[in-house]
Amino acid sequence: MRGTFFRLEMNAAAQVGGCPVCAIIVLRTERYLRFSLNEHTLDPHLQVCLLALHGFCNLHGWWLVRIVAKMGEELGIATVYGHLTDKLSRQVQRTLSAPSPKAVAELLSPQGIRPLCEHTLIWEQDTLTAPLQALTNPQTRESAQKLCAVTDGLYLPHLRIALLMTEENIVMTLLLQDADTRMKQLNDDLEEFCRKHDYHFRDEPMSESERRSWMRSIEAVVGKHTIPQSHTKAQNNLQCEGGYGDV
Ligand SMILES: [Zn+2]
Ligand SMILES: [Zn+2]
């Protein structure tokens, strides 16, 4: 069952393109935000959380804007953010008597991690669990490698998380060999991109992967535009507390 789910997820990720974990987070985030927008309002439980946490984070807030515009659900957002701005306005009034600017800044900061940012953290681990288990098991290793090969491989942030989640040296070697091959290919494409900008060679045709190499190189290092800042902070905290293997 888990194997089937893994296969479906990897195939879905391959359709989106790029790092499979980033791709699955893109798909799940879109689904989460679409389901949250219901009948011109947001899910009531989510509304309560958002009021306490000052709405969505920067990344998910702007993601929501794109989805709301497509779905025509502006009224739901206007209602929730109406409550939020009212709450913030009262909060600002209360802070007028605070002892210092630093104290005000602290009072006005959201307390805790937002639900969607937290889901992102869990989804990353979920998504990586099945392929790591399949790579660990000698009986499923080869088929898992084939499934992973149809994707664009793990970008650096998710490669790091995968390494934190495994204690198997064989899995570490496979992950690093894969990353090395892909990084070398990307480096070749970047070199060709630069070379073909020289006027001596500018008549040579440029492949699509060479043309996109400069954008792909940014994605390869920081991941797709899917990981919220607060999440990165939580990830670092987890690492300090003993890594993902303990979660
Ligand atoms: Zn990724
Ligand atoms: Zn967020």
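Colleague: What share of the contacts with a separation of 6 or more comes from residues 24 or more positions apart?
Modeller: 74% of them. Two residues are in contact if their C-beta atoms, placed from the backbone, lie within 7 Å. This is a predicted model, where local features need pLDDT of at least 70 and side-chain atom pairs count only at pLDDT 80 or more, while totals for chains, interfaces and linings use all residues. Residues are numbered from 1 along each chain as its sequence is written, and chains are lettered from A and ligands numbered from 1 in the order in which they are written.

Colleague: How many helices and strands are there in the protein?
Modeller: 13 helices and 2 strands. Helices (H or I, at least four residues) and strands (E, at least two) are DSSP runs, numbered from the N terminus.

Colleague: And what percentage counts as buried?
Modeller: 26% of the 247 residues. Buried means 20 or more other C-beta atoms within 10 Å of the residue's own; exposed means 12 or fewer, and partly exposed is in between, with C-beta atoms placed from the backbone.

Colleague: How many residues are in the largest nonpolar core?
Modeller: 23. Cys19, Val21, Cys22, Leu154, Tyr155 and Ala162 have the most contacts inside it. A nonpolar core is a set of buried Ala, Val, Leu, Ile, Met, Phe, Trp, Tyr and Cys residues joined through C-beta atoms within 7 Å.

Colleague: Which helices supply at least two residues of this core?
Modeller: Helix 1 (2-16), helix 2 (20-36), helix 7 (115-136), helix 8 (141-149), helix 9 and helix 10 (169-195) each do. Helix 2 gives the most, with 5 residues.

Colleague: Let's stay with helix 9. Which of its residues are buried?
Modeller: Pro157, His158, Leu159, Ile161 and Ala162. Their cover includes helix 2, helix 7, helix 10 and helix 12 (213-222).

Colleague: At what angle do helix 9 and helix 10 cross?
Modeller: Roughly 170 degrees, and their axes come within 10 Å. Axes are lines fitted to C-alpha atoms, for helices over the stretch in contact, and angles run from 0 to 180 degrees between N-to-C directions. So helix 9 is roughly antiparallel to helix 10. Angles under 35 degrees count as roughly parallel, over 145 as roughly antiparallel, 65 to 115 as roughly perpendicular and the rest as oblique.

Colleague: What meets what there?
Modeller: Leu159, Ala162 and Leu163 of helix 9 meet Met172, Leu175 and Ala179 of helix 10. By class, that contact has 6 nonpolar, no polar and no charged residues. Ala, Val, Leu, Ile, Met, Phe, Trp, Tyr, Cys and Pro count as nonpolar, Asp, Glu, Lys and Arg as charged, and the others, Gly among them, as polar.

Colleague: Why does Leu163 count as partly exposed?
Modeller: Because it has 18 C-beta neighbours inside 10 Å. Leu163 sits in helix 9 (residues 156-165). Not counting residues up to four places away in sequence, Leu163 touches Met172 and Leu175.

Colleague: Now helix 7 against helix 9. What's the crossing angle?
Modeller: Roughly 65 degrees, with the axes coming within 10 Å. The crossing is right-handed.

Colleague: Which residues make the contact?
Modeller: Glu124, Gln125, Leu128 and Leu132 from helix 7, with His158, Ile161, Ala162 and Met165 from helix 9. They divide into 5 nonpolar, 2 polar and 1 charged.

Colleague: New topic: helix 3 and helix 5. Parallel or antiparallel?
Modeller: The axes of helix 3 (residues 44-52) and helix 5 (residues 74-95) cross at roughly 30 degrees and come within 10 Å. That makes the two roughly parallel. Gln47, Leu50 and Leu51 of helix 3 make the contact with Val80, His83, Leu84 and Lys87 of helix 5.

Colleague: Where is His54?
Modeller: In the loop between helix 3 and helix 4 (58-71). His54 is partly exposed, with 17 other C-beta atoms within 10 Å.

Methods:
Left-handed = near helix turned anticlockwise from the far one by under 90°.
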